[in-house]
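Subject: Handover of the two-chain model

Hello,

Please find the structure below, followed by notes on what was found in it. Read the notes with the model open.

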Amino acid sequence: MAGGGLPHPLLIAEEGVRATGLNVPGNVVEAWVVMVIMIVFGLLATRKLTMVPGGMQNFFEFLVGGLESFVVANIGEKGRKVFSFLCGLFVFILVGNLLGFVPGFDAPTANINTNAAMAITVFLFYNFWGLKMWGPGYIKHFLGPFWWLVPLMLPVELISHLARPLSLTLRLFGNVRGGEIILVLLFILAPVISTIPMFFMFILAKTIQAFVFFMLSMIYLKGSLEHAH
Amino acid sequence: MRKALMTALNTAALLTVASVAFAAGDPAVVATISWATALAQAIAAAFCGLGMGLAIKAACEGTARNPEASGKITVTLILGLAFLESLAIYGLVINLILLFANPYMG
């Protein structure tokens with residue numbers, strides 16, 4: 001509802017869940033759909049593992065391997081410990097964004113609650129890793145380079161850290177919901193002719209948004225994993 | 001000087017009118033909000049586009065001079081673009097709030 005009630009002809013999964021009598025918000029149902037898709041594809045890809053990958057296993061090895069080498073290149077070898085979280089985040093957001101283009105489904109990331117849940121999870125996760133890595137010395141990440149700068153740096157750092165989940169949430173939400181609103185407006189202006197090219201543009205844009213969320217989480221984790229300076 | 005004065009006066013007039021309109025809750029509110037959101041999004045998009053264009057220009061030049069650094073430049077570029085773009089997205093979110101979830105309109 002955060003986008004102002006765009007017209008939806010039929011949302012299959014939400015109607016199906018509502019028919020069983022459960023009172024679950026729509027974005028949660030769509031997130032369940034994404035989870036089912038991810039689990040099914042994961043099981044299909046890992047069912048028959050072979051040394052020489054082919055078909056689906058090849059694609060997933062390319063995806064996960066590429067992401068892992070990217071994370072390790074940026075964080076270092078410590079990045080392998082947090083890679084599963086980051087990769088899960090990326091695939092979830094990617095499938096969630098692209099689910100918005102499938103007729104009968106809505107994007108779970110077009111709702112601010114899903115994004116806030118993910119962003120707060122990222123916030124807690126990187127602070128957890130910082131505390132686990134550095135113990136009480138993690139406070140040094142907030143204190144700036146010199147001791148006499150502490151009264152200035154501590155509030156600045158605290159605000160900047162608290163703004164991170166906010167900006168993560170709003171960026172993803174605004175992109176996905178804004179894209180949907182633009183598609184609806186273009187459909188009102190000139191149906192089909194103007195929307196088909198925009199679909200391709202938004203597929204690209206939403207893939208990039210999933211990657212941006214993944215990359216920012218990675219940068220935040222890098223900041224808490226490496227030594228304070 | 002006169003232009004600046006006129007701008008300031010117009011802004012003040014718009015602001016006062018806007019507060020009156022919010023209090024009244026008549027069709028003028030819709031007109032004011034439409035103007036405000038359209039202008040706000042236009043300004044946000046214009047300057048965000050300008051800033052992102054500058055960033056991409058610098059990245060292209062850097063890659064042309066030193067193609068081996070393109071990987072690092074791309075990472076930095078996407079990161080910076082994400083931060084820049086979030087400024088326009090804040091504008092969009094505020095516009096959505098103004099249009100669909102306005103706290104001043106019952």
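The contact between the chains takes 12 residues from chain A and 12 residues from chain B, where two residues are in contact if their C-beta atoms, placed from the backbone, lie within 7 Å. On the side of chain B that touches chain A, 10 residues are nonpolar, 1 is polar and 1 is charged. In this count Ala, Val, Leu, Ile, Met, Phe, Trp, Tyr, Cys and Pro are nonpolar, Asp, Glu, Lys and Arg are charged, and the others, Gly among them, are polar.

This is a predicted model, in which local features need pLDDT of at least 70 and side-chain atom pairs count only at pLDDT 80 or more, while totals for chains, interfaces and linings use all residues. Residues are numbered from 1 along each chain as its sequence is written, and chains are lettered from A and ligands numbered from 1 in the order in which they are written.

Confidence

The model has an ipTM of 0.72 and a pTM of 0.82. For chain A the mean pLDDT (the predictor's confidence in each residue, from 0 to 100) is 87, and 96% of the residues score at least 70. Among the elements of chain A, the lowest mean, 82, belongs to helix α1 (residues 12-19), and the highest, 93, to α5(A). Chain B has a mean pLDDT of 82, with 75% of its residues at 70 or more. Within chain B, helix α1 (residues 2-24) has the lowest confidence, with a mean of 60, and α2(B) the highest, at 92.

Chain B

Chain B has 3 helices and 0 strands; helices (H or I, at least four residues) and strands (E, at least two) are DSSP runs, numbered from the N terminus. Along the sequence the pattern is α-α-α. Of its 106 residues, 9% count as buried. A residue is buried if 20 or more other C-beta atoms lie within 10 Å of its own, exposed if 12 or fewer, and partly exposed in between, with C-beta atoms placed from the backbone. Of the contacts in chain B between residues at least 6 apart in sequence, 70% join residues at least 24 apart.

Helix α2 (residues 27-65) of chain B packs against helix α3 (residues 70-100) of chain B at an angle of about 180 degrees, and their axes are 9 Å apart. Axes are lines fitted to C-alpha atoms, for helices over the stretch in contact, and angles run from 0 to 180 degrees between N-to-C directions. α2(B) and α3(B) are therefore roughly antiparallel to each other. The contact of α2(B) with α3(B) has 20 nonpolar, 9 polar and 1 charged residues. For such labels, angles under 35 degrees count as roughly parallel, over 145 as roughly antiparallel, 65 to 115 as roughly perpendicular and the rest as oblique.

Helix pairs in chain A

Helix α5 (residues 112-134) and helix α7 (residues 195-225) of chain A pack at about 20 degrees, with axes 8 Å apart, so α5(A) and α7(A) are roughly parallel to each other. The residues in this contact include W129(A) and M133(A) from α5(A), and Y220(A) and L221(A) from α7(A). By class, the contact has 7 nonpolar, 4 polar and no charged residues.

The axes of helix α2 (residues 26-47) and helix α4 (residues 79-99) of chain A come within 10 Å and cross at roughly 120 degrees. α2(A) and α4(A) are therefore oblique to each other. Among the residues that meet here are E30(A), V34(A) and I37(A) in α2(A), and F92(A) and L99(A) in α4(A). This contact has 9 nonpolar, 1 polar and 1 charged residues.

G79(A) lies in helix α4 and is buried, with 20 other C-beta atoms within 10 Å. Not counting residues up to four places away in sequence, G79(A) touches V71(A), V72(A) and N74(A). The C-alpha atoms of G79(A) and L225(A) are separated by 8.7 Å, although the two are 146 residues apart along the chain.

A205(A), in helix α7, is partly exposed, with 15 other C-beta atoms within 10 Å. With the residues up to four places away in sequence left out, A205(A) touches N175(A) and G179(A).

V192(A) is in the loop between α6 (150-189) and α7 of chain A. V192(A) is not a glycine, yet has a positive phi of about 65 degrees. Most residues other than glycine have a negative phi. V192(A) is exposed, with 8 other C-beta atoms within 10 Å.

Regards
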